[in-house]
Amino acid sequence: MEIFKYAINSLSFRIDLGIFAINMIFILPGILFLATLYLVFKLWISDIILKFLMEIFTGEIVDMKEYPKKDRNRMNRYISVGLILTLIIPFILACLSLDTNNILYYIIEITVSIVTVGLVYKNIKKLKNK
């Protein structure tokens with residue numbers, strides 16, 4: 001119990017807490033920017049990409065109103081998260097002090113893209129079979 005009292009009262013803990021508070025000033029606008037970017041992707045860009053993918057996978061012109069809104073929203077979420085991950089991964093690798101020009105970067109980016117398109121394809125086929 002004395003260790004916790006010492007840790008809370010120590011100068012290094014207060015400095016670390018102060019640095020954390022200062023860093024939050026710079027991190028919160030980034031989080032707000034990413035949230036805004038996610039909503040832009042979800043509400044606008046992912047609809048365009050979803051319509052494109054649906055037309056490719058079904059082989060015909062698609063009217064988006066034919067598909068249930070719940071399923072469209074789920075597929076839009078997959079696309080939006082995939083796009084956000086594609087944009088964030090270079091910064092995560094840079095924060096981990098990894099060179100972004102290495103093979104790991106490309107493997108992660110390609111994996112995110114394949115998983116996103118695979119999830120959308122799976123849902124489109126499931127909807128088409130109904």
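Let's start with Ser46, which lies in helix α2. Helices here are DSSP runs of H or I with at least four residues, strands are runs of E with at least two, and both are numbered from the N terminus. Is Ser46 buried or exposed? At 0% relative accessibility, Ser46 counts as buried. The cut-offs are these: buried is under 20% relative accessible area, exposed is over 50%, and partly exposed is in between, with a 1.4 Å probe and protein chains only. Leaving out residues up to four places away in sequence, Ser46 touches Phe41, Asn76, Ile79 and Ser80. A contact means heavy atoms within 4.5 Å.

A word on the source. This is a predicted model, where local features need pLDDT of at least 70, side-chain atom pairs count only at pLDDT 80 or more, and totals for chains, interfaces and linings use all residues. Residues are numbered from 1 along each chain as its sequence is written, and side-chain values use heavy atoms, with hydrogens and water left out.

Now the overall layout. The chain has four helices and zero strands. Along the sequence, the pattern reads α-α-α-α. Of the 130 residues, 24% count as buried. Take the contacts between residues at least 6 apart in sequence: 66% of them join residues at least 24 apart.

Back to helix α2, this time for Leu50. Leu50 has 0% relative accessibility and counts as buried. Which residues does Leu50 contact, neighbours within four places in sequence aside? They are Met64, Arg72, Met75, Asn76, Ile79 and Val120. Look at Asn76 in particular. Leu50 and Asn76 are 26 residues apart in sequence, yet their C-alpha atoms are 6.8 Å apart in space.

Next, charges. Side chains of opposite charge can pair when their charged atoms come close. How many salt bridges does a search of the whole structure find? It finds two. The rule asks for a side-chain nitrogen of Lys or Arg within 4 Å of a carboxyl oxygen of Asp or Glu.

Lys51 is partly exposed at 31% relative accessibility. Glu55 is partly exposed too, at 25%.

The other bridge joins Arg74 and Asp71. Here the closest N and O atoms are 2.1 Å apart. This pair belongs to helix α3, residues 69-95. Arg74 and Asp71 are three residues apart, which again puts about one helical turn between them. Arg74 is partly exposed, with a relative accessible area of 21%. Asp71, at 9%, counts as buried.

On to the rings. A pair of aromatic rings is described by the distance of the centres and the angle of the planes. Rings of Phe, Tyr and Trp (its six-membered ring) pair if their centres lie within 6.5 Å; planes under 30 degrees apart are stacked, over 60 edge-to-face, and the rest tilted. By this rule there is one aromatic pair. The partners are Phe57 and Tyr121: centres 4.8 Å apart, planes at 75°, so the pair is edge-to-face. Phe57 lies in helix α2 and Tyr121 in helix α4, residues 103-129, so the pair ties together parts 64 residues apart in sequence. Phe57 is partly exposed at 21%, and Tyr121 is partly exposed at 38%.

Stay with helix α4 for Lys122. Lys122 is exposed, with a relative accessible area of 58%. Lys122 and Met75 are 47 residues apart in sequence and 9.9 Å apart in space, C-alpha to C-alpha.

Now the loop between α2 and α3, where we find Pro68. Pro68 counts as partly exposed, at 39% relative accessibility. From Pro68 to Leu127 is 59 residues in sequence and 8.9 Å in space, C-alpha to C-alpha.

Leu127 brings us to the last stop. The largest pocket has a volume of about 160 Å³. Ten residues line that pocket, and the closest to its centre are Glu60, Glu66, Tyr67, Leu127 and Lys128. On a 1 Å grid over the protein atoms alone, a pocket is an open set of points with protein on both sides within 12 Å along at least five of seven lines, and lining residues have an atom within 4 Å of a point. By class, the lining has five nonpolar, one polar and four charged residues.

Conventions:
1 Å grid on protein atoms, 1.4 Å probe; cavity = no way out; pocket = protein on both sides within 12 Å on 5 of 7 lines; lining within 4 Å. Points joined across faces, edges and corners; volume = space filled by probe spheres on them. Nonpolar A, V, L, I, M, F, W, Y, C, P; charged D, E, K, R; others polar.
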